[in-house]
Each structure stands twice: as structure tokens, then as C-alpha cells.
Amino acid sequence: MPGSDELYPPFQYGWGWMLLAIGILILLIAAAWLVVILTRPRRDLGLAGETRGPALLSVDVLSQLRVEYLDRIQQIEDDYRARTLSARNANLEFSRVVRTFVNEYSGLEAPVLALDDLVARGVHPALADARGRHYYPSIFRPGPAIDPIAGAEAARTVVRSWH
């Protein structure tokens with residue numbers, strides 16, 4: 001009957017909805033934890049002699065890495081000699097290959113560090129010399145690029161002498 005003064009109890013939700021709410025909360029907490037773990041800064045690698053890479057890689061892997069990068073350097077030099085790469089682009093490629101090699105070999109983030117940052121970290125002198133004498137002037141200086149053949153030899157020196 002309409003207008004009755006009888007009270008009705010509040011609507012009760014089933015247990016399924018409560019479990020769904022708890023599950024969503026757990027997912028949100030896990031996602032926040034994952035974001036924190038994946039975005040935390042890497043620990044400082046210190047000087048080049050203190051890097052973690054070579055200690056974890058076997059001698060065979062390091063030798064293979066050297067061979068692979070020496071082959072890349074030779075390919076860039078061959079492309080320059082065949083005139084499919086300009087001198088400036090050849091030096092740019094040598095710089096990229098050397099920085100990537102150092103990163104893979106030692107874990108040092110050479111591809112994103114400026115020359116001053118690398119020198120401040122105490123990198124092997126061959127890398128600082130190659131980037132300072134051959135690659136930076138050739139890439140950033142106006143005028144003719146430095147001879148890529150000398151840049152290729154500097155790149156080989158870095159790959160062969162990196163510790």
C-alpha cells in the first residue's frame with residue numbers, strides 16, 4: 001500500500017561486488033609499484049674501471065662483441081670509400097658505433113653523455129681522443145669534415161683497447 005509508514009532495510013550488495021572492488025585496489029597498488037620500480041634512476045656506474053659490464057660478460061661474448069663492432073667499422077669505411085657516405089656522415093656513424101660499443105661492453109651510457117661528461121667519468125683516453133679529435137669537429141664544426149679514414153682507425157683503437 002502506498003503511503004505506508006513501514007521502513008525498508010537498505011539494499012545489500014552481493015559479495016561479488018566487494019571482491020571486485022578489492023581486486024581493483026590490488027591492481028592499482030601493483031601498477032603504482034611497477035611504475036616506481038621501472039622509473040627509478042639507475043645506480044651510478046662510477047669510473048670506467050668500476051663498471052659492472054665486463055665482470056658479468058664472458059670472455060667469448062666480449063671477443064664476439066669486439067669482432068662485431070670491428071666489422072661495423074669496416075662496413076662504414078667501405079661505404080665511405082664507395083662514396084655512399086659523405087665524410088661527415090661517416091664520422092657521425094663512427095661516433096655512434098663507438099658509443100654504442102662502449103655502452104654494450106661496459107654499461108657506461110656513452111650514447112647519451114657529452115664529451116665533458118665522459119672525461120669527467122674517467123673513460124679510457126682512446127674514446128675521449130676519438131670523439132674530441134675526429135668526431136666532434138667533423139660533425140659540429142663548419143667547413144670540411146675530418147678524414148673518415150683517421151676516424152675509422154680511431155674507432156678501431158677504441159674497440160681494441162677498451163677494458
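Predicted model: local features only at pLDDT ≥ 70, side-chain atom pairs only at ≥ 80, totals over all residues.
1. Overall make-up. The chain has 7 helices and 0 strands. Read from the N terminus, the order of elements is α-α-α-α-α-α-α. Of its 163 residues, 31% count as buried. Taking contacts between residues at least 6 apart in sequence, 69% of them join residues at least 24 apart.

2. Helix H4. This helix covers residues 87-106. H4 has 20 residues, and the distance from its first C-alpha to its last is 28 Å, close to the 28 Å expected at 1.5 Å a residue. After H4 comes Gly 107, with a positive phi near 85°.

3. The nonpolar core. The largest nonpolar core holds 29 residues, and those touching the most other members are Phe 94, Phe 101, Val 102, Leu 127, Tyr 135, Val 158 and Trp 162. At least two residues of this core come from each of helix H3 (59-81), H4, helix H6 (125-140) and helix H7 (148-161). H4 gives the most, with 7 residues. As background, nonpolar side chains in soluble globular proteins tend to be buried together.

4. Val 102. Setting aside residues up to four places away in sequence, Val 102 touches Gly 107, Leu 108, Ala 110, Leu 127, Val 158 and Trp 162. Among these partners, Leu 127, Val 158 and Trp 162 are also listed with Val 102 as core residues that touch the most other members.

5. Helix H7. The 14 residues of H7 should span 20 Å at 1.5 Å a residue, and the end C-alpha atoms are 20 Å apart, so the two values agree. Buried residues in H7 are Pro 148, Gly 151, Ala 152, Ala 154, Ala 155, Arg 156, Val 158 and Val 159.

6. Packing of H4 with H7. The axes of these two helices are 9 Å apart and meet at an angle of about 5°. H4 is therefore roughly parallel to H7, because angles under 35 degrees count as such. On the H4 side the contact is made by Ala 87, Ala 90, Asn 91, Phe 94, Val 98, Phe 101 and Val 102. On the H7 side the residues are Pro 148, Gly 151, Ala 152, Ala 155, Val 158 and Val 159. By type, the contact has 11 nonpolar residues, 2 polar and no charged.

7. Ser 95. This residue lies in H4. Ser 95 counts as buried because its relative accessibility is 3%, and buried means under 20%. Apart from neighbours within four places in sequence, Ser 95 is in contact with Arg 131, Tyr 135 and Ile 139.

8. Arg 99. This residue is also found in helix H4. With 14% relative accessibility, Arg 99 counts as buried. Leaving out residues up to four places away in sequence, Arg 99 touches Ala 110, Pro 111 and Arg 131. Arg 99 and Arg 131 are 32 residues apart in sequence, with a C-alpha to C-alpha distance of 9.3 Å.

Terms used:
Residues numbered from 1 in each chain as written. Heavy atoms only, no water. Helix = DSSP H or I, 4+ residues; strand = E, 2+ residues; numbered from the N terminus. Buried < 20%, exposed > 50% of the residue type's maximum accessible area, 1.4 Å probe, protein only. Contact = heavy atoms within 4.5 Å. Core = buried A, V, L, I, M, F, W, Y, C linked by side-chain atoms within 4.5 Å. Expected span 1.5 Å × (residues − 1). Axes fitted to C-alpha atoms, helices over the stretch in contact; angles between N-to-C directions. Parallel < 35°, antiparallel > 145°, perpendicular 65-115°, else oblique. Nonpolar A, V, L, I, M, F, W, Y, C, P; charged D, E, K, R; others polar.
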